[in-house]
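Dear colleague,

Please find the structure below.

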Amino acid sequence: MRIKEEIKNIKPYFIDEKSVRFKLDANESPYDLPDDIKEEMLSVLKDININRYPDPSCKSLRKLISKMEEVEENQIIFGNGSDELIYLLLMCIREGALVTYPEPGFSMYSLSGKIFGKELIPYKLSEIDFSVDADSFDKVMNREPYLCFIANPNNPTGNCFPDDILIKYLDNENTIFVSDEAYSAFSGHSLVKMVKTHKNLLIMKTLSKIGFASIRLGYLIGNRELIKEIEKVRLPYNINSFSQKIAEFYFKNIDLVNRYVSDIIKERERIYKELKSRGVFTLPSLANFITFKVEKNGFYDYLVNNGVLIKDLFPSFGMKNYYRFTIGKKEENDFFMKLLLKFMEEE
Ligand SMILES: Cc1ncc(COP(=O)(O)O)c(C=O)c1O
């Protein structure tokens with residue numbers, strides 16, 4: 001079989017498919033939309049011509065996003081989730097080009113980089129608190145990478161990339177910077193305003209973390225010339241008609257979505273305080289998850305056996321005894337906390 005060596009050596013992206021009572025492992029929103037909104041959706045979906053291709057340029061959605069983000073319509077490109085946008089970016093740069101990203105960081109940067117045969121040099125976060133290590137970043141930037149992923153906030157550590165470290169490099173001619181803002185609704189921090197003045201800066205967003213993970217919709221915002229180039233590698237009908245229509249419901253129900261986001265932030269702060277007060281080593285988070293450490297072995301299995309799925313950060317990130325817990329509804333969070341305390345007390 002003439003499969004590329006790069007592909008043969010890849011460890012596939014792992015998705016935990018255990019069926020449990022409380023699924024708190026994938027940084028999804030715990031809030032589904034109410035039935036009356038879903039009924040309205042159904043009537044809109046009924047009008048889709050199943051025999052026709054989707055709108056290739058997502059015109060109505062493009063209008064809504066350009067208004068919300070205060071950018072021109074031709075500064076936006078849509079992807080089947082941010083995952084696809086990461087692919088598109090990697091397709092645009094030459095074979096073997098240097099790509100950098102945080103470590104630990106979202107695994108699709110390195111996995112996709114391997115698939116497309118790039119040279120991968122991560123910038124390592126501090127071993128003590130996972131903050132951005134300026135020395136490690138400087139070292140990689142001195143090599144002028146083609147593509148640099150900045151996570152704002154970072155998954156799985158929950159912290160934002162400090163603007164002052166980035167700003168020094170933002171006008172580098174040869175580097176495209178991608179501010180991955182998948183979780184920015186929970187941090188309130190975005191670099192989108194800087195796109196006007198920095199032509200190599202792209203902002204990557206997604207509807208996945210704010211309640212629309214099922215429709216797979218992400219978008220990039222950037223300088224129109226750069227966006228025009230990336231558009232050339234996008235498959236013509238990558239956003240299906242159903243996703244386009246359902247995404248419009250985000251804009252119709254933006255107050256409700258924002259209420260859910262603020263409930264998640266409140267819960268995140270409550271759980272953070274509680275974990276700290278119990279002496280659990282916990283990373284401060286600006287996202288919709290909390291990462292913490294439990295030294296005693298067996299915590300992941302204990303939770304699964306009690307109906308709760310979280311992310312064990314050892315297999316994917318090499319972070320031994322660290323776990324990432326997606327903020328759920330209050331009752332889910334309470335249940336999780338009760339189990340955690342019980343586990344820590346049991347000898
Ligand atoms: C930092 C980060 N970027 C991007 C994504 C992918 O999002 P999408 O669902 O839009 O592909 C994730 C998903 O977990 C993420 O953690």
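Strands, like helices, are DSSP runs numbered from the N terminus; a strand (E) has at least two residues and a helix (H or I) at least four. β12 (residues 289–293) and β15 (residues 322–326) run antiparallel and are joined by 5 bridges; two strands count as paired if DSSP finds at least two bridges between them. Please bear in mind that this is a predicted model, in which local features need pLDDT of at least 70 and side-chain atom pairs count only at pLDDT 80 or more, while totals for chains, interfaces and linings use all residues. Residues are numbered from 1 along each chain as its sequence is written.

F292 is also the bridge partner of T282. That bridge belongs to the pairing of β11 (residues 281–282) with β12, which run antiparallel with 2 bridges, and a hairpin of 6 residues joins the two strands. Is β12 mostly covered or mostly open? It is mostly covered, since 4 of its 5 residues are buried. A residue is buried if 20 or more other C-beta atoms lie within 10 Å of its own, exposed if 12 or fewer, and partly exposed in between, with C-beta atoms placed from the backbone.

The second topic is the open sheet. Its 7 strands follow the order β2-β10-β9-β8-β7-β3-β5, with mixed pairing. β2 (76–79) and β5 (119–120) stand at the edges with a single partner strand each, so one side of each has no neighbour in the sheet. Within the sheet, β8 (residues 176–180) and β9 (residues 201–206) run parallel, joined by 4 bridges, and V178 stands opposite L202 in β9. Helix α8 (residues 224–231) lies across β2, β9 and β10 (218–221), at about 30 degrees to β2. For such angles, axes are lines fitted to C-alpha atoms, for helices over the stretch in contact, and the angle runs from 0 to 180 degrees between N-to-C directions.

How do the two domains meet? The centres of domain 1 and domain 2, taken over C-alpha atoms, are 24 Å apart, and 27 residues of domain 1 are in contact with 23 residues of domain 2. On the domain 1 side, α1 (5–8), α10 (254–277), β12 and α12 (313–317) each give two or more residues, and α10 gives the largest share, 5 residues.

Finally, the chain as a whole has 13 helices and 15 strands. Its radius of gyration, taken over C-alpha atoms, is 21 Å, close to the 20 Å of the globule rule (2.2 Å times the number of residues to the power 0.38) for 347 residues, so the chain is as compact as a globular protein of that length.

Yours sincerely

Methods: Two residues are in contact if their C-beta atoms, placed from the backbone, lie within 7 Å. Domain bounds come from an automatic or database domain assignment.
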